[in-house]
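My notes follow in the order I made them.

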Amino acid sequence: MKGLFIASALALVGSCANTRYSTKIENIKNNIQLSDSTTVMRYAQTITSSELKTHLYAFASEDFQGRKTGELGQKKASDFIKNFYISQGITSPINDSLYFQTIPKNFLPNNINASENVLAFIKGSENPEEVLIISAHLDHLGLENDEIFKGADDNGSGTTALMEMAQAFKMAEKDGFSPKRSILFLHLTGEEIGLYGCEYYIANPIFDLKKTIANLNIDMIGRVDNKHKNNPDYLYVIGADRISKELHFISEKVNEAYFNINLDYTYNNEEDPNKFYFRSDHYKFALKDIPVIFYFNGEHEDYHKVSDTPDKIDYDLLTRRTQLIFATAWHLANQENPLIRNENI
Ligand SMILES: [Zn+2]
């Protein structure tokens, strides 16, 4: 009898505390206001499948020899990205014309040559010192027995998504719609050999990591996995709620308002054996307590094979997914207040 009494008293305390917490969560969710809807969509629609396709065919071509970190093909790929930004009038944050953050040989594993991250930048109009980082790795696996790993999905898809988003933000800026906060487009090297490019950026950040408001990382968003063969309008979203539940709610709200893509949270489950949360560059930002979202289409039969080629990309899906990430970035760069972290709820 006594035991039961204690148990129910505890249950009562527990439920009161929970109510307060869930009310706060509900308030965070309800306080998110999407504004500039028509403006956001106007620029999102400048991201087109034909441009993504053109860039991706070039980026995953034989010319770049599989983009192995530190090799000639990877350098060519870095130049390709840099030349795109120059052609668009999109500058670098390091200094207008210095797009490369060089990673010295001694930072990298033994047999790997020096390499570079590629950086492009749109300056915020109200809080330029606060920065949103949108990232994708540019390197891949190189060659094996003269066969080229083209890495069209991994990560030509993420690379070209960044290029198209930067172009859209630049067009908006020219029309007088600068983001309130700055946006860094960060093309990372050394991912496939162990997240080295991101590790280097974290050790040598261009912007104060404490003022880095979030990281949206894209690694493989151009294909459909087996699970979604019959229902391909989906995207795995990983990690969005772990540091800031508000970020997760923003991601959902933007998607519901403009796109209605099926956001799949299977891999966000901490028990999931694939542990994708730990397997791409965003994880390094999460370790620094920066809220992250990892966008991913899941593995497929061509993952890390020479058959990951640009003809197998679904360009309409790649476009919708890129537009979703663009609209999410737009909201994050422009919303009134910084993201609320879970520890402050
Ligand atoms: Zn990858």
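Before the first entry I note how the angles are taken: axes are lines fitted to C-alpha atoms, for helices over the stretch in contact, and angles run from 0 to 180 degrees between N-to-C directions. The model is a predicted one.

**Entry 1: α3 against α10**

I looked up helix α3 (residues 49-59) and found its axis 9 Å from that of α10, at an angle of about 105 degrees. Angles of 65 to 115 degrees count as roughly perpendicular, so α3 is roughly perpendicular to α10. On the α3 side I listed S49, L52 and K53, and on the α10 side Y315, D316, L318, T319 and T322. Sorted by class, this contact of α3 with α10 holds three nonpolar, three polar and two charged residues.

**Entry 2: α5 against α10**

Next I took helix α5 (residues 152-174), which packs on α10 with the axes 10 Å apart and an angle of about 50 degrees. The two helices α5 and α10 are therefore oblique to each other. I recorded the crossing of α5 and α10 as right-handed. From α5 the contact takes S157, A161, E164, M165 and A168, and from α10 it takes L318, T322, I325, F326 and A329. I sorted the residues where α5 meets α10 into seven nonpolar, two polar and one charged. L318 and T322 of α10 had already come up in the contact with α3, and both are listed again in the contact with α5.

**Entry 3: α4 against α5**

I then turned to helix α4 (residues 72-88), whose axis comes within 11 Å of that of α5 and crosses it at roughly 15 degrees. That angle makes α4 roughly parallel to α5. The crossing of α4 and α5 is right-handed. I found I81, F84, Y85 and Q88 of α4 meeting T159, M163, A166, Q167 and K170 of α5. The classes in the contact of α4 with α5 are five nonpolar, three polar and one charged.

**Entry 4: the core**

Which residues touch the most other members of the largest nonpolar core? In this core of 81 residues they are L132, I134, M165, I183 and A329. Helix α10 (residues 315-334) gives the most to the core, namely ten residues. I had already noted M165 and A329 in the contact between α5 and α10.

Setting aside neighbours within four places in sequence, I134 is in contact with L162, M165, I183, F185, L186, L216 and A329.

**Entry 5: backbone geometry**

Where is there a cis peptide bond? I found one joining D154 and N155, with omega about 5 degrees. N155 lies in helix α5.

D36 has a phi of about 45 degrees, and M220 has one of about 80 degrees. D36 sits in the loop between α1 (2-31) and α2 (37-44), while M220 sits in the loop between β7 (212-218) and β8 (234-238).

Is each of them buried or partly exposed? D36 has 15 other C-beta atoms within 10 Å, so D36 is partly exposed. M220 has 25 C-beta neighbours inside 10 Å and therefore counts as buried. The cut-off for buried is 20 or more.

**Entry 6: F100**

I looked up F100 and found it in strand β1 (residues 100-103). F100 counts as partly exposed because it has 19 C-beta neighbours inside 10 Å. Apart from neighbours within four places in sequence, F100 is in contact with S78, E116 and V118. I also checked F100 against A114: they are 14 residues apart along the chain, and their C-alpha atoms are separated by 12 Å.

**Entry 7: T266**

Last, I located T266 in the loop between β9 (262-264) and α9 (282-287). With 13 C-beta neighbours inside 10 Å, T266 counts as partly exposed. Not counting residues up to four places away in sequence, T266 touches Y236 and D272. The C-alpha atoms of T266 and R42 are separated by 32 Å, and the two residues are 224 residues apart along the chain.

Key. Residues numbered from 1 in each chain as written. Predicted model: local features only at pLDDT ≥ 70, side-chain atom pairs only at ≥ 80, totals over all residues. Core = buried A, V, L, I, M, F, W, Y, C linked by C-beta atoms within 7 Å. Buried ≥ 20, exposed ≤ 12 C-beta atoms within 10 Å, placed from the backbone. Helix = DSSP H or I, 4+ residues; strand = E, 2+ residues; numbered from the N terminus. Contact = placed C-beta atoms within 7 Å. Parallel < 35°, antiparallel > 145°, perpendicular 65-115°, else oblique. Left-handed = near helix turned anticlockwise from the far one by under 90°. Nonpolar A, V, L, I, M, F, W, Y, C, P; charged D, E, K, R; others polar.
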